Amino acid sequence: MQLTEDDLYRSSTQFRNWSFTASQLAAQRLKINVQATERVKANVARLRAQRGNDAVDNGMDTVMDKENGSGTSGANTPDARMQTVTEINCLTAEEELKIVNEFCERAIALGNHYSFPLNVVATCIQFLRRFYLYNSPMTYHVNNILRTIMFLATKVELFPIHVSQYAEGAGRNVTSEDVLAPEYIIVQSLRYNLDVRHPFRAIKAGHMEMLEMARGKYQGPAGELGGPKEVQAKICGLPVKVGAQAMKMPEKKVEERIHAAYGVATNTLRTVAVLTDAYFLYTPSQIWLAAHLLADEPLTLFYLSLKVPTSSPIHSKLLTTLRNCASLISSHRLYVNASLPAAERDAKEAKHKAEIKTLVQKLKNCRDPDKVDLVKLNQAQKRDAVQGDALEESKAKRRKLAREGYEKESDAFWGPELGKKAE
C-alpha cells in the first residue's frame with residue numbers, strides 16, 4: 001500500500017481536530033463570545049459589589065468617627081463618591097475576530113524582530129487562531145498570549161531560544177515569568193495538538209515538478225498527452241492568461257515563468273494565506289494550489305489536469321474547491337491593497353488602523369478582571385497544586401494507618417498469615 005500526502009494529512013491531528021466548515025467556525029466563535037460576555041459581566045458585577053461593600057464598611061467607620069468628634073464632612077462619604085454602575089459594552093464575535101486577525105499580522109512583525117524563520121512565524125499564527133477559537137480576547141488579552149505563543153512555536157519548530165533572551169527582546173517590562181505564565185493555558189486550549197501542516201513544502205515539490213515538465217524530464221502521470229516530450233510541448237505552448245491566445249515559448253522563458261509564479265504564490269502563502277481561515281477550511285495541498293492559481297492560472301490548471309484528468313468526476317469538484325480557497329485568500333485586506341495605488345492604499349490602511357485602535361480601546365474596558373494578571377493566576381494555580389498534593393499525601397497516610405489497623409484486627413481474630421511470625 002502506497003501512502004500519499006493526503007493520506008498522511010488525514011491521519012494528522014490538524015485534520016481530525018482543526019478542520020471545520022465556514023458555518024462551524026462562525027458558530028464556534030459566536031458561542032465563545034456569548035460565554036465570555038456573560039462571564040465578564042458577572043465577574044465585573046461581583047467585583048463592583050465587593051468594592052461597594054468595602055466602601056460601605058469604610059463609610060460606617062467614618063460616620064462613627066464623626067460621632068466621636070473625629071470625622072469629616074458628609075460630602076466625602078462613599079455614597080457621594082460612588083459612580084453610577086454602567087452596563088459593560090463587550091466586543092461582538094466579529095470585533096473579536098478583527099482583533100485576532102490584527103495580532104496575527106503583528107505576529108509577522110514580531111517574527112521579523114527576532115529574525116525567526118518562516119515556519120516559526122506561521123506556526124505561531126496558527127496556534128494563535130486555534131487558541132482564540134476556544135477562548136475570547138476579553139478573557140485572555142491577545143498581546144500577552146501572542147508573546148507566549150511565539151516562544152512556544154520556537155520550541156515546536158526546533159528553533160530554540162532561551163526564555164531570558166526572548167523576554168529581553170520582547171520589551172523592557174517583560175520578564176521570563178510573563179512569557180511562561182500563560183503557557184499551560186495555551187497548551188491546554190490547543191488540546192496538546194502542536195503539529196501544524198503548512199503548504200510550504202508542497203509548493204516546493206510542485207515547483208520542481210513544473211520545472212521538470214518544462215525540461216522534458218517529467219516522470220509523473222501524463223494522462224492523454226503521452227510522454228515527457230509531449231508534456232514539455234504542451235507546457236511551452238500555454239497562454240500567458242486565461243482566454244489569451246496560445247503561443248510557443250522557449251524552454252528558458254517557460255522556466256522563468258514557473259519561477260515567477262512560484263515566487264508570487266510563496267509570498268501569498270507566507271503573507272496572506274496564513275492570516276486567513278484557510279488552514280481550518282482546506283488542506284495544505286489545496287492551499288498551495290489556490291495560491292498558485294492566483295499567481296498563474298493557466299499553468300496551475302495544466303498542472304492540475306495532469307494529476308487529476310479533466311475527464312475525472314472529481315476534477316470539477318476539486319477545481320471549485322480551489323477557486324473557493326483562492327477567493328478566500330484574495331479577499332484579504334493585504335492582498336486587495338497590494339494592487340491599489342499608493343494613495344488609496346495608504347488611506348485604507350489609515351482607516352483600518354483607526355478602527356483597530358478603537359476596538360483595542362473597547363477591549364480595555366471589557367476585560368475579565370479575574371484573568372488580567374496571568375502571572376499571579378499562574379502562581380495561585382501552583383500554590384493550589386502544592387496544597388492539593390499535600391492533601392493527597394495526608395489522605396494516603398490516613399489510608400495507610402487505617403489499612404494497618406484493619407490488618408491488626410484481622411490478625412487478632414483469624415490469626416497471622418502463614419508467612420508471618422506471631423507477636
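Helix H5 (93-114) gives the largest share of the lining of the second largest pocket, 7 residues. The model is predicted: local features need pLDDT of at least 70 and side-chain atom pairs count only at pLDDT 80 or more, while totals for chains, interfaces and linings use all residues. Residues are numbered from 1 along each chain as its sequence is written, and side-chain values use heavy atoms, with hydrogens and water left out.

**Terms**
- On a 1 Å grid over the protein atoms alone, a cavity is a set of points where a 1.4 Å probe fits but cannot get out. A pocket is an open set with protein on both sides within 12 Å along at least five of seven lines, and lining residues have an atom within 4 Å of a point.
- Grid points are joined across faces, edges and corners, and a volume is the space filled by probe spheres set on the points.
- Helices are DSSP runs (H or I, at least four residues), numbered from the N terminus.

**Second largest pocket**
- This pocket holds about 480 Å³ of space. Of its 24 lining residues, Leu-97, Lys-98, Asn-101, Arg-129 and Asp-277 are the closest to its centre.
- Besides H5, helix H3 (22-67) and helix H19 (342-364) each supply at least two lining residues.

**Largest pocket**
- The largest pocket has a volume of about 990 Å³.
- Its lining has 31 residues, and Glu-5, Asp-6, Ala-202, Ser-285 and Trp-288 lie nearest the centre.
- Among the elements that give two or more residues to this lining are helix H11 (200-214) and helix H15 (284-295). H11 provides the largest share, 7 residues.

**Cavities**
- There are 2 cavities of 30 Å³ or more.
- The largest cavity has a volume of about 110 Å³, and its lining includes Leu-97, Asn-101 and Arg-129. H5 gives the largest share of that lining, 5 residues.
- The second largest cavity, of about 30 Å³, is lined by Gln-14, Trp-18, Gln-126, Arg-130, Tyr-279 and Phe-280.

**Packing of H13 and H15**
- Helix H13 (residues 251-271) packs with H15 at an angle of about 125°, and the axes are 8 Å apart. Axes are lines fitted to C-alpha atoms, for helices over the stretch in contact, and angles run from 0 to 180 degrees between N-to-C directions.
- That angle makes H13 oblique to H15, as angles under 35 degrees count as roughly parallel, over 145 as roughly antiparallel, 65 to 115 as roughly perpendicular and the rest as oblique.
- Residues in the contact (heavy atoms within 4.5 Å) include Ala-261 and Tyr-262 of H13 and Trp-288 of H15.
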